[in-house]
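Biologist: I'm new to this one. Can you put it up and walk me through it?

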Amino acid sequence: MKVKQKFFLYLALIQLIIIVVVFFSINGMVSFVAAQTSTTDTMAYYNSPATYFLAISAAISMGASAFAAGLVLKTVGTAAISALTEREEAFGKIVVLVALGEAIAIYGLIVALLLVFRIPTPPS
């Protein structure tokens, strides 16, 4: 197995482990937060399926956008270095392309934050 393939295999394995840890620790985090409140009536808010789906959707949107931004920056960065060795005056155009690749991760972060703020909370 080549070094590059082994690196991406390890990277995918680490991401799967993180997804499993987050998925199975959501119930623990929700019950910990629910234990901080004084009434037991609020458990319905934290244990609702909407809470789980919103939290998992936020994690997927952030992870997928960061992965896509990494792929974009890998390909654009390689092409940018090649282009800069031939023509140094193309630096401004290359910076714009790299910034567009970074914007993908920022959009994913915005969507993840919007989803997190939609998680239902109990009335106070």
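Modeller: We'll start with the overall build, then look at particular residues. Keep in mind that this is a predicted model.

Biologist: How many helices and strands does the chain have?

Modeller: There are 4 helices and 0 strands. Along the sequence, the pattern reads α-α-α-α.

Biologist: What share of the residues counts as buried?

Modeller: The chain has 124 residues, and 17% of them count as buried.

Biologist: What part of the contacts comes from residues 24 or more positions apart?

Modeller: They account for 73%, counting contacts in the chain with a separation of 6 or more.

Biologist: Let's pick a pair of helices. How do the axes of H3 and H4 cross?

Modeller: H3 covers residues 49-86, and H4 covers residues 91-117. Their axes come within 8 Å and cross at roughly 175 degrees.

Biologist: Parallel or antiparallel, then?

Modeller: Roughly antiparallel. Angles over 145 degrees count that way, so the crossing of H3 and H4 qualifies.

Biologist: Which residue classes make up the contact of H3 with H4?

Modeller: By class, there are 22 nonpolar, 5 polar and 1 charged residues.

Biologist: Give me an example. Where is Ser-61, and is it buried or exposed?

Modeller: Ser-61 sits in helix H3. Its relative accessible area is 17%, so Ser-61 is buried. The cut-off for buried is under 20%.

Biologist: What does Ser-61 touch?

Modeller: Leaving out residues up to four places away in sequence, Ser-61 touches Gly-108, Val-111, Ala-112 and Leu-115.

Biologist: What about Met-62? Which residues does that one touch?

Modeller: Met-62 is also part of H3. With the neighbours up to four places away left out, Met-62 touches Ala-105, Gly-108, Leu-109 and Ala-112. Gly-108 and Ala-112 are on the list for Ser-61 too.

Biologist: How accessible is Met-62?

Modeller: Met-62 counts as partly exposed, because its relative accessibility is 29%.

Biologist: And how far is Met-62 from Ile-104?

Modeller: Their C-alpha atoms are separated by 9.9 Å. Along the chain, Met-62 and Ile-104 are 42 residues apart.

Biologist: Switching topic. How many salt bridges turn up in the whole structure?

Modeller: The search finds 1. In it, the side chains of Glu-89 and Arg-87 meet at 4.0 Å, N to O.

Biologist: Why can side chains like that pair?

Modeller: Side chains of opposite charge can pair when their charged atoms come close.

Biologist: Are those two buried or exposed?

Modeller: Glu-89 has 64% relative accessibility, so it counts as exposed. Arg-87 is partly exposed, with a relative accessible area of 45%.

Biologist: Now past H4. Where does Arg-118 lie?

Modeller: Arg-118 is in the segment after H4. Its relative accessible area is 63%, so Arg-118 is exposed.

Biologist: Last one. Which helix holds Gln-15?

Modeller: Helix H1, which covers residues 3-35. Gln-15 counts as partly exposed, at 35% relative accessibility.

Biologist: How far is Gln-15 from Gly-63?

Modeller: Gln-15 and Gly-63 are 48 residues apart along the chain, and 8.7 Å separates their C-alpha atoms.

Key
Residues are numbered from 1 along each chain as its sequence is written. This is a predicted model: local features need pLDDT of at least 70, side-chain atom pairs count only at pLDDT 80 or more; totals for chains, interfaces and linings use all residues. Side-chain values use heavy atoms; hydrogens and water are left out. Helices (H or I, at least four residues) and strands (E, at least two) are DSSP runs, numbered from the N terminus. Buried means under 20% relative accessible area, exposed over 50%, partly exposed in between (1.4 Å probe, protein chains only). Contact means heavy atoms within 4.5 Å. Axes are lines fitted to C-alpha atoms, for helices over the stretch in contact, and angles run from 0 to 180 degrees between N-to-C directions. Angles under 35 degrees count as roughly parallel, over 145 as roughly antiparallel, 65 to 115 as roughly perpendicular and the rest as oblique. Ala, Val, Leu, Ile, Met, Phe, Trp, Tyr, Cys and Pro count as nonpolar, Asp, Glu, Lys and Arg as charged, and the others, Gly among them, as polar.
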